[in-house]
Amino acid sequence: MKQDKKKKRNFKQWIPFYLMGLPGLIYLFINNYLPLAGLQIAFKNFSYTKGMWDSPWVGLKNFKFLFRTADSWIMIRNTLCYNIAWIILSAIVGVTAAILINEVVGKLKKKFYMTAILLPYLMSMVVIAYLVYAYLSPTAGLFTKWLERLTGTAPAFYQESKWWPFILTFVNQWRNLGFGMILYMSTILGIDPSLYEAATLDGATRWQQHKNITIPLLIPTVVMLLILSLGQVFRSDFGLFYQVPMNQGALYGVTQTIDTYVYRALLKNNDVGMSSAASFVQSIVGFLFIVGANKVVSKLDKSSALF
Amino acid sequence: MVNTGKGWKVVANIVMVLCSFLALAPFVLLIIASFTDETVALLNGYSYLPEKWSLSAYEYIVGQASMLGRAYLMTILVTAIGTSVGVIITALLGYMLSNKNLPGRRFLNLYVVFTMLFNGGLVPTYIMYVKTFAVKNTIFGLIVPNLLLSAFLVMLVRNYFENSIPQDLYEAARIDGASEFQTFFRVALPLSTPILATVGMMMGIAYWNDWQNGLYYLNDAGKNLYTIQNILNNINDNIAFLASNATSGVNLADLPTTTVRMAIAVVGILPILVLYPFFQKYFAKGITMGAVKG
């Protein structure tokens, strides 16, 4: 009896904490958990008038239609290829930049470099699309006009898909360079300075020091980030693929990803069936990848895992 | 001691100068383009050294104050409301989760983390917000979906409350008879300004930059609610947007569209450009704290 009373009082003592967390928990319930019920739309012939629950089931029809189109393979190929290429490239570029900025002596100089290089990361993709447009616009682009003056003609960048794998890769690396640099820099700063002192005494060159100390000690972080980004391989940066190519139909072959497809099918073509099927595949496969990646990470280093 | 790494320093500085130049150059071009004379811009293209400078793009913007001014106010309003509400509920939830003895803590942690791993995707989210919550063409459509709380930031705050504030301080406050809410507001919050600044800045930038909620949840009927980013997005989609939404009847042909679009973009990023150097350290800190768990 007494025990019981004590427990009750204990529980009462926690109520203020639960109340504090409540608004956030409710928000997550609405924004993240309620939509999960909507996953069933992928298996239904959805109509806005009937709503989610009363629309008739159609089995796998939406998926059959989706995978019969060439679009489905193009968007999956684009999503996976860009992601994999960029994950590897970002690691190399980020590590290189981090090592180099650590060589810079002078607090002010370092701060200037960091501030400048991180700036693009703070910009919205709409603004980035404007920046790219300033160089590539068919009527007034800086590069377009240069090329016209030099060679007489300039490519119509927004009409020719062959340029875009490179443009998108450049824009992606340009935007994320500062982020990657700071990320790896913090790991380098955590390396015991006595290792470098000892190496210098032994007569090791700077290059040898980086090869034998910095890079080996960075590898666990790099591997961890690689695996975690592989977990995201089915998601793409909607803004980059939608805004930067200015939503140009002629470029869809190399700019369509799962996210842009889902958006276009849902809001431009009103094709809820195809759209929800693609969205469903992305959610489920994406989840499996993340859980898989996290399993691998927690095997390697428990503290780096998400859960 | 021949190898002091002098060569490395030189190379590092050269590469960093180049990278900084690459990072800044497009912004410089954007700003110069907005101050270029329209006919010169059309003839020679955007250029770092235009033959003729002009303020006409900005004069045009001032003339369109009712559309652009309203959009600017919308951006400020959405950012202010979203960020303040967001920071408060993030801090409260983080504080709750930071309590090691809280019954059900494991479950609640998982409940939050799971949202980072799995989501229903755009289609169910969109249909729910539009059908069940009727946010289409309302200001809620700009503030609520996806941006108000991020599990990732909750985890950052939780870790800060857990590791960077001595737990004895909470105990002391409780022994002094402070209620849990008083402890939170008088002890935990004042001690956590660095993390709150980081979280606030990240959310503020996310709201200021957001165009996706406007793209999904606003259409022509809700164009009074457009933020600057939505206007920029619409100009991108269709340059005629500028003419058809001008305050007084304007012909598209008369509009200095080549330079005006750049001027609007400049106005849109101005606050970030001005404030960013002051907040840079909080932002960099946010990235390092998130390190692997980004």
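Trainee: What radius of gyration does chain A have, and what would a compact globule of 307 residues have?

Mentor: This is a predicted model, in which local features need pLDDT of at least 70 and side-chain atom pairs count only at pLDDT 80 or more, while totals for chains, interfaces and linings use all residues. Residues are numbered from 1 along each chain as its sequence is written, chains are lettered from A and ligands numbered from 1 in the order in which they are written, and side-chain values use heavy atoms, with hydrogens and water left out. The radius of gyration is taken over C-alpha atoms, and the globule rule is 2.2 Å times the number of residues to the power 0.38. Chain A has 25 Å, whereas a compact globule of 307 residues would have a value near 19 Å. The C-alpha trace of chain A spans about 85 × 75 × 30 Å along its principal axes.

Trainee: How many helices and strands does chain A have?

Mentor: Helices (H or I, at least four residues) and strands (E, at least two) are DSSP runs, numbered from the N terminus. Chain A has 14 helices and zero strands. One residue to look at is Gly286(A), which is found in helix H14, residues 272-300.

Trainee: Is Gly286(A) buried or exposed?

Mentor: Buried means under 20% relative accessible area, exposed over 50%, and partly exposed in between (1.4 Å probe, protein chains only). Gly286(A) has 3% relative accessibility and therefore counts as buried. Of the 307 residues of chain A, 50% count as buried.

Trainee: How is a pair of aromatic rings described?

Mentor: Such a pair is described by the distance of the centres and the angle of the planes. Rings of Phe, Tyr and Trp (its six-membered ring) pair if their centres lie within 6.5 Å; planes under 30 degrees apart count as stacked, over 60 as edge-to-face and the rest as tilted. The count comes to 45 aromatic pairs over all chains. In one of them, the ring centres of Phe107(B) and Tyr111(B) are 6.2 Å apart and the planes stand at 45°, so the pair is tilted. Both residues lie in helix H5 of chain B (residues 105-117), four residues apart, about one turn of the helix. Phe107(B) is exposed at 55% relative accessible area, whereas Tyr111(B) is buried at 15%.

Trainee: Which residues do ring pairs link into a cluster?

Mentor: The cluster draws on chains A and B, and its members include Phe238(A), Tyr242(A), Tyr129(B), Phe133(B) and Trp211(B).

Trainee: Which residue lies over the face of Trp57(A)?

Mentor: A charge sits over a ring if NZ of Lys or CZ of Arg is within 6 Å of the ring centre and within 35 degrees of the ring normal. Lys44(A) lies over the face of Trp57(A), 4.5 Å from the ring centre. In chain B, the charged end of Lys281(B) sits over the ring of Tyr282(B), at 5.3 Å from its centre.
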